[in-house]
Amino acid sequence: MAKLASEPDRSLCTRLLAGPSPSHARELAQSRYPLAMYTEGLAHGKPAYGHGGYISIPELPAGVAIRKSCRPDIIEESAYIRILPPAGGWLGADTLERLADCADKYGKGLVHFTTGGTIEIYTTREQMVPMVKELNRAGLDVGSTGDDLRCITSCCGPARCDVALIDAPALATYLGRRFMDEQQFPGYPQKVKSGVAGCPNDCIRAMMEKDHSLVGVYRDLPVVNEKRLMAWREAGGDLDALVQACPAQALHRDGETLTILADRCWRCMVCINRCPAIRPGKERGVAWIAGGKYGHRGPQGPMVGYVLIPFLPITNEDYSAIGDLFGAFLELWADHARKKERVGDFLARVGPLWVLKQLGIEAQPQILLSPKRNGY
């Protein structure tokens, strides 16, 4: 029988299941996830799940939530547990096995690594408490749902990246442990997302997506290694293209000599990314940017954050001063923000200078309405 023109096309999921390349549909099909929900969504061009949110489960103040089902005849709801991930996304094979065991024993045999940096296991309300106890025995914990401090994400840091200016996972781990209660007991006017990027490349897009981003920066000039620059030139490196790529026009060429103009350099990463003979300066710390968000809710809509402090030095891996400022801001925002007011909308309403005054921070000329731009 020929298919009616108005009949939804349910063949797309079948095609996604086929083929040799990795297939998310195949992973879903191999678990106890109700694939019919995904098939229905594809057929009608919209998700079969609706908005949900935090739910109350005795013994679990946060970390549990649901998505409402648009097809309760297939599944009543999608309940899930959100696990606080190790910073930088570093997970050993043993930890992955423990997660897989929990997902298989208490859930639907499926682990979801979200784009926001968290780990979710889909389960039922009845299995949440025993699953969390099992996760706790594996050294893991849950949180990051509702109006609380969401898990503090970071880039991979110096464990793999050669241009990391700070140990981003170490700073994120420090903040995560210091503010664990804030991640597990919702009590803020809105959710608060935070991220730590090891350098201005900001591979985790913290400045665009997070209410608070701490970005590794350097204050002195980039360092040019003349010997390596010559080798790079002999291998085909284009010095003119490098000079032209600088967004601040801070590179000056005199023959084969390259000079960086201090009064123009933005301390970004463009020349460093393009030429291995140029490395970041040695005087390093973090810039604190607050108010970024990606969502359309709130009067300001999506926005890039404000640079509140352009340079906070880090000495001997001591992050306590950063933690003190972070905590002071959270208290200030919690006391003065309107209900459901994100940090960016709050800052736009009261003004960043008012916030700096309340925190006892001296305003500096480098504070801009938007963070330093990076050519990448």
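Q: What lies 3.0 Å from a polar atom of the Lys293 side chain?
A: The backbone oxygen of Arg297. Keep in mind that this is a predicted model.

Q: Where is Lys293 found?
A: Lys293 sits in the loop between strand E13 (284-290) and strand E14 (306-313).

Q: Is Lys293 buried or exposed?
A: Buried, with a relative accessible area of 2%. The cut-off for calling a residue buried is under 20%, so Lys293 qualifies.

Q: And which residues does Lys293 touch, not counting those up to four places away in sequence?
A: Met208, Glu209, Lys210, Gly298, Gln300, Gly301, Pro302, Met303, Arg342 and Asp345.

Q: E14 came up. Which sheet order has E14 in it?
A: An open sheet of 5 strands, in the order E6-E7-E8-E13-E14, with mixed pairing. Its edge strands are E6 (149-154) and E14, and each of them pairs on one side only. From one strand to the next, the twist averages 20°.

Q: How many bridges join E6 to E7?
A: There are 4 bridges between E6 and strand E7 (residues 192-197), and the two run parallel. Leu149 has Val192 in E7 as its bridge partner.

Q: Which helix packs on that sheet?
A: H6 does, touching E6, E7, strand E8 (212-218) and E13. The direction of H6 makes about 160° with that of E6.

Q: Arg150 is in E6. Is Arg150 buried or exposed?
A: Arg150 is buried, at a relative accessible area of 14%. Beyond residues up to four places away in sequence, Arg150 touches Arg82, Ser144, Thr145, Gln183, Lys191, Val192 and Lys193.

Q: Switching to the core. Which residues touch the most other members of the largest nonpolar core?
A: Leu171, Trp288, Leu308 and Phe329, out of 49 residues in that core. Helix H12 (residues 320-336) supplies the largest share, 7 residues. As background, nonpolar side chains in soluble globular proteins tend to be buried together.

Q: What is Leu171 in contact with, leaving aside neighbours within four places in sequence?
A: Ile166, Val196, Leu214, Val286, Tyr319 and Ile322.

Q: How many aromatic pairs does a search of the whole structure find?
A: It finds 7. One of them is Phe179 with Phe326: the ring centres are 5.3 Å apart and the planes are at 80°, so the pair is edge-to-face.

Q: Where do Phe179 and Phe326 lie in the chain?
A: Phe179 is in the loop between helix H6 (168-178) and helix H7 (180-184), and Phe326 is in helix H12. They are 147 residues apart, and the pair links distant parts of the chain. Both Phe179 and Phe326 are buried.

Q: What about Phe329 and Phe346, what kind of pair do they form?
A: Edge-to-face, with 6.5 Å from centre to centre and 85° between the planes. Phe329 belongs to helix H12 and Phe346 to helix H13 (residues 343-350), so this pair ties together parts 17 residues apart in sequence. Phe329 and Phe346 are both buried.

Q: Which residues do ring pairs link into a cluster?
A: Trp288, Phe329, Phe346 and Trp354.

Q: Now the E1 region. What is the strand order there?
A: E1-E2-E3-E5-E4, an open sheet of 5 strands with antiparallel pairing. Strands E1 (49-54) and E4 (111-113) stand at the edges with a single partner strand each, so one side of each has no neighbour in the sheet. On average, neighbouring strands of this sheet are turned by 30° against each other, direction ignored.

Q: How many bridges do E4 and E5 pair over?
A: E4 and strand E5 (residues 119-123) pair over 3 bridges, in the antiparallel sense. His112 stands opposite Glu120 in E5.

Q: Which helix lies across E3, E4 and E5?
A: Helix H4 (residues 93-106), running at about 20° to E5.

Q: Last one, the E10 and E11 hairpin. Which residue takes a positive phi?
A: Gly255, near 70°; the hairpin has 2 residues between its strands. Strand E10 (residues 251-254) and E11 pair in the antiparallel sense over 4 bridges, and Asp254 has Thr257 in E11 as its bridge partner.

Key
Residues are numbered from 1 along each chain as its sequence is written. Side-chain values use heavy atoms; hydrogens and water are left out. Buried means under 20% relative accessible area, exposed over 50%, partly exposed in between (1.4 Å probe, protein chains only). A polar contact is a pair of N or O atoms within 3.5 Å; within protein, one must be able to donate a hydrogen and the other to accept it, and residues adjacent in sequence count only if both atoms are side-chain atoms. Contact means heavy atoms within 4.5 Å. Two strands pair if DSSP finds at least two bridges between them. Axes are lines fitted to C-alpha atoms, for helices over the stretch in contact, and angles run from 0 to 180 degrees between N-to-C directions. A nonpolar core is a set of buried Ala, Val, Leu, Ile, Met, Phe, Trp, Tyr and Cys residues joined through side-chain atoms within 4.5 Å. Rings of Phe, Tyr and Trp (its six-membered ring) pair if their centres lie within 6.5 Å; planes under 30 degrees apart count as stacked, over 60 as edge-to-face and the rest as tilted.
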